[in-house]
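I'll work from the whole chain down to single residues and note what I looked up.

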Amino acid sequence: TTPKHVLLTGAAGGVGTFLRESLPGYGYTLRLSDLVPVDGAPDALAVDLADRAAVREAVRGVDAVIHLGGLSLENTFDNILAANVEGAYNLYEAVRAEGVRRVVFASSNHAVGFTPRPEHPQDKKHLLPVETPYRPDTFYGVSKCFGEALASLYADKYGVETVSIRIGSCFAVPRNTRMLETWLSPADCARLMHAALTAPDVRHTVVYGTSANTRGWWDPAPARALGFEPQDDSEVYAAEVIAEHGELLPGTPEYDWLGGAFTTVQPESF
Ligand code: NAI
Ligand code: 15L
């Protein structure tokens with residue numbers, strides 16, 4: 001059965017704003033929540049993910065949750081702990097207690113950010129599989145590994161279905177040369193969310209979330225198996241982006257590691 005009523009956590013954020021605009025066109029009725037007010041949506045719920053009771057109330061009655069809320073960059077361990085770790089626990093406990101069937105979890109490439117670039121990245125025989133070991137590049141990345149682990153537990157123990165999407169870079173256009181490899185266009189993001197909400201036979205399924213980028217090197221097959229057919233390719237921006245930022249160079253974090261500059265961020269600077 002196709003879910004209709006969907007809770008969007010993190011609705012005020014960048015991805016939330018794209019999805020608020022696109023998902024109603026797929027037939028979904030959205031309930032919005034965020035810590036901060038959502039522009040143009042006075043009915044959005046003001047929910048801190050660290051507030052267990054408020055999270056429980058927010059999920060009551062929906063068919064599915066798209067969980068975008070939380071810190072989306074590196075931060076102090078304590079802040080990551082509250083928003084992303086306890087927040088994910090509160091969300092899954094609420095989902096289990098309220099009998100919500102499916103979650104789409106906004107995981108991140110930074111769960112595996114310390115994966116080195118393979119020698120021939122564009123050789124499509126050596127695409128990085130989703131089964132690659134966890135190699136988080138930040139406490140933020142650790143929190144995404146935790147979220148995926150929690151999703152696995154709740155699938156096996158309670159039958160809660162989750163699609164964890166390790167999003168690459170979801171912005172209107174690729175902002176730098178690395179994003180030519182990692183870009184997820186807003187329109188493909190909506191297509192992927194729709195596929196993740198409707199695919200049959202999901203327990204805990206992990207996929208990479210990117211457009212059909214010529215320069216991509218993460219295995220697109222798991223997302224396609226959900227029914228996702230990406231329509232965009234960052235290559236149309238390549239000339240412009242490279243003229244501004246240059247090609248990626250070996251010996252720089254953007255070239256050497258999947259997670260790029262996140263591998264060099266120091267948490268004590270927050
Ligand atoms: P964002 O930072 O723009 O949005 C996150 C939203 O979560 C914000 O509106 C913020 O107010 C809210 N939030 C933060 N702490 C909260 C708390 N304690 N309780 C309730 N709400 C809270 O991030 P963006 O770019 O929209 O990303 C959405 C999700 O997708 C995040 O989980 C992020 O980690 C994930 N993601 C995004 C990528 C991207 O390229 N945009 C790439 C990989 C993952
Ligand atoms: C992420 O996980 C971040 O939330 C987003 O802001 C981008 O920086 C993205 O990864 C990326 O790797 O480009």
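Predicted model: local features only at pLDDT ≥ 70, side-chain atom pairs only at ≥ 80, totals over all residues.

What share of the chain's contacts with a separation of 6 or more is between residues 24 or more positions apart? I got 72%.

**Entry 1, the whole chain.** I checked the radius of gyration next. The chain has 18 Å, and a compact globule of 270 residues would have a value near 18 Å, so the two agree. Along the principal axes, the C-alpha atoms fill a box of roughly 50 × 40 × 40 Å. I also looked up burial, and 47% of the 270 residues are buried. For secondary structure I noted nine helices and seven strands.

**Entry 2, the sheet.** In what order do the strands sit? I wrote down S3-S2-S1-S4-S5-S6-S7, an open sheet of seven strands with parallel pairing. The edges are strand S3 (45–46) and strand S7 (204–209); each has a single partner strand, so one side of each has no neighbour in the sheet. Then I looked at what lies against the sheet. Helix H6 (residues 186–198) packs on it and touches S1, S4, S5, strand S6 (161–167) and S7. The direction of H6 makes about 140 degrees with that of S5.

Some pairings in detail. Strand S1 (residues 5–9) runs parallel to strand S4 (residues 64–67), with four bridges between them. Leu 7 is opposite Val 65 of S4. On to S4 and S5: these are parallel too, joined by four bridges, and Ala 64 has Arg 102 in S5 as its bridge partner.

Is S5 enclosed or open to the outside? Seven of its seven residues are buried, so the rest of the structure largely encloses S5. I sorted its residues by direction: Arg 102, Val 104, Ala 106 and Ser 108 point one way, while Val 103, Phe 105 and Ser 107 point the other.

I looked up Asp 201 in the loop between H6 and S7. Its phi is positive, about 60 degrees, although Asp 201 is not a glycine. Asp 201 counts as exposed because it has 8 C-beta neighbours inside 10 Å, and the cut-off for exposed is 12 or fewer.

Gly 216 is in the loop between S7 and helix H7 (221–225). Buried or exposed? Gly 216 has 25 C-beta neighbours inside 10 Å, so I put it down as buried. Setting aside neighbours within four places in sequence, Gly 216 is in contact with Glu 181 and Thr 210. I also noted Leu 180, which is 36 residues from Gly 216 in sequence and 7.6 Å away in space, C-alpha to C-alpha.

Terms used:
Residues numbered from 1 in each chain as written. Chains lettered and ligands numbered in written order. Rg over C-alpha atoms; globule rule 2.2 N^0.38 Å. Buried ≥ 20, exposed ≤ 12 C-beta atoms within 10 Å, placed from the backbone. Contact = placed C-beta atoms within 7 Å. Pairing = 2+ DSSP bridges. Axes fitted to C-alpha atoms, helices over the stretch in contact; angles between N-to-C directions.
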